[in-house]
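I opened this notebook to record what I looked up in the model, entry by entry.

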Amino acid sequence: MTGAAQLHPQCEEILRRIERWGGSVELTIEQARADEERRKDELAGVGPELYEVRQLTVPGPAGVLPAVAYRATADVAPGVLVWLHGGGWAVGSPATCDAQVRAIAAGSGCTVLSIDYRLAPEHRFPSAVEDAYAAVAWAADHADQLGARTGRLAVGGDSAGGNLAAATTLLARDRGGPVIDFQLLVYPATCCELDAPSRGRYAEGHWLTQAAMEFFWRSYLATPEDATSPYASPLLAESVHGLPPALVVLAECDVLHDEGERYAQRLQEAGSAVEVRRYEGMLHGFLAVAGVVESAWDVLRDAGRAVGDALVRSPERAA
């Protein structure tokens with residue numbers, strides 16, 4: 001870990017608490033899912049009260065997808081943000097990211113549609129990304145049902161959800177729609193195989209280990225060849241021209257830091273308007289533990305505000 005940055009004291013506290021959880025030496029799907037529930041219960045905190053939180057379903061390629069729609073106020077929202085939770089494509093749900101999504105909805109003023117996509121290893125690539133694309137396409141056509149203006153659409157997610165958000169923008173471009181106005185990529189996984197200093201610098205002792213990330217990739221991909229698909233590894237896309245503006249949120253002490261930086265750079269070089277916000281001393285997943293890392297609330301609200309501002313500026317299109 002030569003050259004590793006100093007962790008924020010509240011991130012050090014997160015590591016101490018997680019260490020007390022114990023668990024087996026070798027990560028399993030069952031343990032990962034149990035740990036995610038424990039994180040939600042003990043570390044996530046409680047998000048703000050909102051005008052409406054509504055359970056619904058949206059059509060997916062293999063059946064309906066459970067979802068939760070969040071509205072901060074009774075006013076017509078400036079648009080819809082489709083949110084894709086993190087968890088290595090294998091754990092998590094709208095329930096486990098509830099606090100984060102509430103804060104983003106409050107900051108953005110948008111309707112946030114949080115999707116319960118299919119999880120690996122029961123459903124491997126490209127199941128999750130096809131679910132994400134289907135949800136975005138549905139949201140584009142049903143903004144009025146979500147209390148939002150039509151034709152103003154964003155997609156976002158954290159970690160594996162950031163990967164799915166980036167992949168969905170590629171799919172939407174390649175399939176001729178829907179038009180996505182903005183993407184919010186929070187410490188996204190953008191490449192399965194990559195020689196990046198952060199993967200060595202923060203490989204151990206910083207919550208998400210390199211070994212765990214490799215485990216999640218193995219659980220997600222159906223074949224070794226899938227690792228080079230741009231819809232699994234967006235950083236490997238032949239072209240990223242024509243993709244929407246982005247806010248990329250990065251944690252300094254994160255194995256995924258460098259691939260997030262590189263994807264943001266590729267977007268910028270291709271002509272997309274990109275803002276990168278880097279948070280010193282922060283761990284991967286710090287926005288998911290706002291019950292301890294207090295500054296995470298401000299980051300979530302600010303990220304939401306960026307989404308809302310972008311959609312307010314976007315032209316309104318017919319559904």
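**Entry 1: helix H3.** I began with what surrounds H3, and found that its buried residues pack against strand S1 (52-60), strand S2 (63-71), strand S3 (80-84), strand S4 (111-115), strand S5 (153-158) and helix H9 (296-313). The model is a predicted one, and local features are taken only where pLDDT is at least 70. I then asked which residues of H3 are buried. They are Ala99, Gln100, Val101, Arg102, Ala103, Ile104, Ala105, Gly107 and Ser108. Since nine of the eleven residues of helix H3 (residues 98-108) are buried, the helix is largely enclosed by the rest of the structure. Just after H3, I noted that Gly109 takes a positive phi of about 75°.

Entry 2: Which residues other than glycine did I note with a positive phi? Trp89 has a positive phi of about 65°, and Trp207 has a phi near 75°. I placed Trp89 in the loop between S3 and H3, and Trp207 in the loop between helix H6 (197-201) and helix H7 (210-220). For burial I used the cut-offs of under 20% relative accessible area for buried and over 50% for exposed, with partly exposed in between. Trp89, at 0% relative accessibility, therefore counts as buried, whereas Trp207, at 26%, counts as partly exposed.

I next looked up the cis peptide bonds. The bond from Phe125 to Pro126 is cis, with omega near 10°, and Pro126 is found in the loop between S4 and helix H4 (127-141). The bond from Gly177 to Pro178 is also cis, with omega near 0°, and Pro178 has its place in the loop between helix H5 (160-174) and strand S6 (182-186).

**Entry 3: Ser219 and Tyr220.** Ser219 is found in helix H7 and, at 7% relative accessibility, counts as buried. What does Ser219 contact, once its neighbours within four places in sequence are left aside? I found Ile29, Ala120, Pro121 and Arg124.

I then turned to Tyr220, which, with residues up to four places away in sequence not counted, touches Trp89, Ala120, Arg124, Phe125, Ala128, Val129 and Leu164. The largest nonpolar core has 119 residues, and within it Leu113, Ile115 and Tyr220 touch the most other members.

**Entry 4: the cavity.** How many cavities of 30 Å³ or more does the structure hold? I found one, and the largest cavity has a volume of about 30 Å³. Its lining is formed by Arg39, Ala44, Thr96, Cys97, Ala99, Gln100, Leu287, Ala288, Ala290, Trp297 and Leu300. The elements that give two or more residues to this lining are H3 and H9, and by class the lining has eight nonpolar, two polar and one charged residues.

**Entry 5: the pockets.** The largest pocket has a volume of about 1100 Å³ and is lined by 40 residues, of which Asp35, Trp207, Leu208, Thr209 and Ala212 lie nearest its centre. Which element gives the most to the lining of this pocket? I found that H7 does, with six residues, and that helix H1 (9-21), helix H2 (29-42) and H7 each supply at least two. The lining of the largest pocket divides into 17 nonpolar, 15 polar and eight charged residues.

For the second largest pocket I noted about 190 Å³ of space and 14 lining residues, with Phe182, Pro245, Ala306, Ala310 and Arg313 nearest its centre. Strand S7 (246-253), strand S8 (274-283) and H9 each supply at least two residues of this lining, and H9 gives the most, with four. By class, I recorded eight nonpolar, one polar and five charged residues for the lining of the second largest pocket.

Key. Residues numbered from 1 in each chain as written. Predicted model: local features only at pLDDT ≥ 70, side-chain atom pairs only at ≥ 80, totals over all residues. Heavy atoms only, no water. Buried < 20%, exposed > 50% of the residue type's maximum accessible area, 1.4 Å probe, protein only. Contact = heavy atoms within 4.5 Å. 1 Å grid on protein atoms, 1.4 Å probe; cavity = no way out; pocket = protein on both sides within 12 Å on 5 of 7 lines; lining within 4 Å. Points joined across faces, edges and corners; volume = space filled by probe spheres on them. Nonpolar A, V, L, I, M, F, W, Y, C, P; charged D, E, K, R; others polar. Core = buried A, V, L, I, M, F, W, Y, C linked by side-chain atoms within 4.5 Å.
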